[in-house]
Amino acid sequence: MTDDTRRAAALRTAGLLFILAAVATIAAVVGRVSAGADQDTVAASLAAIAASQGRYAAGGAARFVSGIALAAAAWCLRRAPGERGPEGSVPVAGLLAAAGVLTACSGAGAVVLAAGVPTGLDAAGLDALARELETTASLRRVTGAAGFALAGLAIVAAARRQWGAGGLLRRIAPASAVLGLAMQLVWLDAATDVHRITGTAFVIWLAAAGGSLRKGRNWWG
């Protein structure tokens, strides 16, 4: 098998994994939002999780799958012959791999929370449980935000390569750069509305990248 054949196969596989990550991300958001778990306090979030354990657990599992798919796609990019070196996809792949691992950790944390919240607790019981699970809840939130932010940095790195490639990719590059930078606002509670927009745009970006790679088109430059 020639380097060109191996490169094409690795990039097509990466494309499929990008699409899987996009679909799983949508499922994760639907599960979390439908469970109403985004509350102001840990106790209130646990109450919502207790009322919708199945949906919240499914959302967490989908987030775990999304993270694994993203990390696996990064591995495929790293293994593609011709994609290495200072001008290759190594910075993009490294950031995506880290983002995938952190996202998977966030999803696992959500599943742990769903499994650890019994139904029928009163307010006092929820407050006590919140103290026990506060660290897990915080880690779930922080790893999720960090994974999203690192994915944004990977998109910024990809934008640099797209700009250097010229043609259609140069026209895509500014949008990629703006998206990647806007994704860093995930750390600001006041930017919740922006996060909804960037989250949707990130899913579209993943799907577009996956579709492009599946068709054998160069997405990175």
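Predicted model: local features only at pLDDT ≥ 70, side-chain atom pairs only at ≥ 80, totals over all residues.
Local features were taken at pLDDT of at least 70 and side-chain atom pairs only at pLDDT 80 or more, whereas totals for chains, interfaces and linings use all residues. Residues are numbered from 1 along each chain as its sequence is written, and side-chain values rest on heavy atoms, with hydrogens and water left out.

At least two lining residues are supplied by each of the helices α1 (3–35), α2 (42–51), α3 (53–79), α4 (90–116), α5 (123–165) and α7 (192–214), helices being DSSP runs of H or I with at least four residues, numbered from the N terminus. The largest share, 10 residues, comes from α5. By residue class, the lining divides into 24 nonpolar, 16 polar and nine charged residues, where Asp, Glu, Lys and Arg count as charged, Ala, Val, Leu, Ile, Met, Phe, Trp, Tyr, Cys and Pro as nonpolar, and the others, Gly among them, as polar.

Two salt bridges (a side-chain nitrogen of Lys or Arg within 4 Å of a carboxyl oxygen of Asp or Glu) were counted in the model. In one of them, D38 pairs with R32, with the closest N and O atoms 2.9 Å apart. D38 counts as partly exposed because its relative accessible area is 48%, and R32 is likewise partly exposed, at 21%, the class lying between buried (under 20%) and exposed (over 50%), with a 1.4 Å probe and protein chains only. R196 forms a salt bridge with D193, the closest N and O atoms being separated by 2.6 Å; both residues belong to helix α7 and stand three residues apart, about one turn of the helix. R196 is exposed, with a relative accessible area of 54%, and D193 is exposed with a value of 54%.

On the surface, L20, F64, V65 and I68 form a nonpolar patch with about 320 Å² of accessible area together. Such a patch joins Val, Leu, Ile, Met, Phe, Trp or Tyr side chains within 5 Å, from residues with over 30% relative accessible area and no salt bridge, and the areas come from the Shrake-Rupley method with a 1.4 Å probe. Helix α3 gives the most to the patch, with three residues, while L20 is found in helix α1 and, at 39% relative accessibility, counts as partly exposed.

Definitions and conventions
Patch = residues over 30% accessible without salt bridge, like charges linked within 9 Å, V, L, I, M, F, W, Y side chains within 5 Å.
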